[in-house]
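Please keep the sequence and the coordinates at hand while reading.

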Amino acid sequence: MPGRHLHDALLAERAEERATLLVDQAHPKVHALYESWGWVPLGDLRPRLENAPLFHAMLLPLPGRDGPR
């Protein structure tokens, strides 16, 4: 799965304890894909911009990290 390999490669060298992302709620298949990769839904977020979509905020713990440097 090329998308998963790219996802993992982008996060592999990160020093942070966790990663966050926003998924447009109009795309439930994308949300389900990230959830299947270990991302955890945190809640909903709508940016303070006119006509901004509603997003799912998601978090992915990055195991083995020492925390911020």
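Is Asp8 buried, partly exposed or exposed? Asp8 counts as partly exposed, because its relative accessibility is 33%; buried means under 20% relative accessible area, exposed over 50%, and partly exposed in between, with a 1.4 Å probe and protein chains only. The model is predicted, so local features need pLDDT of at least 70 and side-chain atom pairs count only at pLDDT 80 or more, whereas totals for chains, interfaces and linings use all residues. Residues are numbered from 1 along each chain as its sequence is written, and side-chain values use heavy atoms, with hydrogens and water left out.

Asp8 forms a salt bridge with Arg4, and the closest N and O atoms are 3.0 Å apart. A salt bridge here is a side-chain nitrogen of Lys or Arg within 4 Å of a carboxyl oxygen of Asp or Glu. Asp8 and Arg4 are separated by about one helical turn, because they lie four residues apart in helix α1 (residues 2-12). Helices (H or I, at least four residues) and strands (E, at least two) are DSSP runs, numbered from the N terminus. Arg4 is also partly exposed, at 27% relative accessibility.

By this rule the count comes to three salt bridges. One of them joins Glu16 to Arg14, with the closest N and O atoms 2.7 Å apart; Glu16 is partly exposed at 32% relative accessible area, and Arg14 is partly exposed at 40%. Another joins Glu17 to Arg18 at 3.4 Å between the closest N and O atoms. Glu17 is partly exposed, with 40% relative accessible area, and Arg18 is partly exposed, with 48%.

How are the strands arranged? Three strands form an open sheet in the order β1-β3-β2, with antiparallel pairing; two strands pair if DSSP finds at least two bridges between them. β1 and β2 (40-45) are the edge strands, each pairing on one side only. Neighbouring strands of this sheet are turned by 25 degrees against each other on average, direction ignored; axes are lines fitted to C-alpha atoms, for helices over the stretch in contact, and angles run from 0 to 180 degrees between N-to-C directions. Seven bridges connect β1 and β3, and the partner of Leu21 in β3 is Met58. Five bridges join β2 to β3, and Val40 stands opposite Leu59 in β3.

Leu21 and Met58 also belong to the largest nonpolar core, whose nine residues are Leu11, Ala19, Leu21, Val23, Trp37, Trp39, Met58, Leu60 and Leu62. Such a core is a set of buried Ala, Val, Leu, Ile, Met, Phe, Trp, Tyr and Cys residues joined through side-chain atoms within 4.5 Å. β1 (18-24) and β3 (55-61) each supply at least two residues of this core, and the largest share, three residues, comes from β1.

Val23 has contacts (heavy atoms within 4.5 Å) that include His31, Tyr34 and His56, not counting residues up to four places away in sequence. His56 is found in strand β3, and its side chain makes a polar contact of 3.4 Å with that of Gln25. A polar contact is a pair of N or O atoms within 3.5 Å; within protein, one must be able to donate a hydrogen and the other to accept it, and residues adjacent in sequence count only if both atoms are side-chain atoms.
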